[in-house]
Amino acid sequence: MIIKVDSTNTARYKELCKAEHVFGSRSFTALCAYGTEHSVHKFWILSEDGKDAAALHLNGQVLTIVKKNKIGTDDIIALTKAFEIHEIDSDWDLCEELHAILGGFTESSYYMCYNGGEITEEFPDIKPADLRDVYSVLQQSHEYYRTHLKYEPWANNLENCIKTGCTEVYQLERDGRVIGTGSIISQDDTHAAIAAVAVIPEYRLRGIGSYITNFLVKEIQKKGKTPCLISGYDEVAELYKKINFVTVGRWGELYI
């Protein structure tokens, strides 16, 4: 059964989001930012056998599923067809199961959590970001950002999430210019998710990505929370392992 989230069951939705702290915290942050009646962001609870089983967040044509345990696929498939969903993000087991039914193609990444000591380094050249500067860095840093990001919707989404207090965006300045960025994209009661760490091409291979990540780890540690992230690619996971992140699961994206 699919249950729409409203003012009476947001606590249940938040509890489900705790099952996975990266996309779970992002889904709850989106709920806080947009509310239950938004035209683009939609939120549901999947209930099975009378028990809450998964938190669902639809952003346009992208459905994120955060589940506590194994769930059935019938309601998810019906929702996918009803809303003409083109991408489903969930843990790898469910992603593969849906792929076998719906077709399309898949990609996957690692969940990772920080497992190192306290960061004591100082970071005087990192400060809260100007979104225009961050957008410029992202556009320069990777093809994905050039093909998938349009400034106005991207900035509006970040501004809404920043207002919740769950999202923080930073920029790194060197040689009189902004050359890198990184975000605490969302948080729950125990974890905070790092995202969009990027450095412009001419400053790469200098350890700057690790420097930005360590700054974000320190900021999260100040809150008494555990830093976590999605690696994006296996090669990137190896880089994060060098700065004390460990893999704790596998995430999948199904493109239909």
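Entry one, the second largest pocket. I counted 18 lining residues, and Ala 19, Glu 20, His 21, Tyr 111 and Trp 251 are those nearest the pocket's centre. My working rule, on a 1 Å grid over the protein atoms alone: a pocket is an open set of points with protein on both sides within 12 Å along at least five of seven lines, a cavity is a set where a 1.4 Å probe fits but cannot get out, and lining residues have an atom within 4 Å of a point. The volume of this pocket comes to about 210 Å³, taken as the space filled by probe spheres set on the points, with grid points joined across faces, edges and corners.

A note on the source: this is a predicted model, where local features need pLDDT of at least 70 and side-chain atom pairs count only at pLDDT 80 or more, while totals for chains, interfaces and linings use all residues. Residues are numbered from 1 along each chain as its sequence is written, and side-chain values use heavy atoms, with hydrogens and water left out.

Which strands give the pocket at least two lining residues each? I found strand 4 (62-67), strand 5 (87-91), strand 6 (105-114), strand 11 (226-230) and strand 12 (245-255). Helices (H or I, at least four residues) and strands (E, at least two) are DSSP runs, numbered from the N terminus. I sorted the lining into 11 nonpolar, three polar and four charged residues. Here Ala, Val, Leu, Ile, Met, Phe, Trp, Tyr, Cys and Pro are nonpolar, Asp, Glu, Lys and Arg are charged, and the others, Gly among them, are polar.

Helix 2 gives the largest share, three residues.

Entry three, helix 4 (residues 92-102). Which of its residues are buried (under 20% relative accessible area, 1.4 Å probe, protein chains only; exposed is over 50%, partly exposed in between)? I got Leu 94, Cys 95 and Leu 98.
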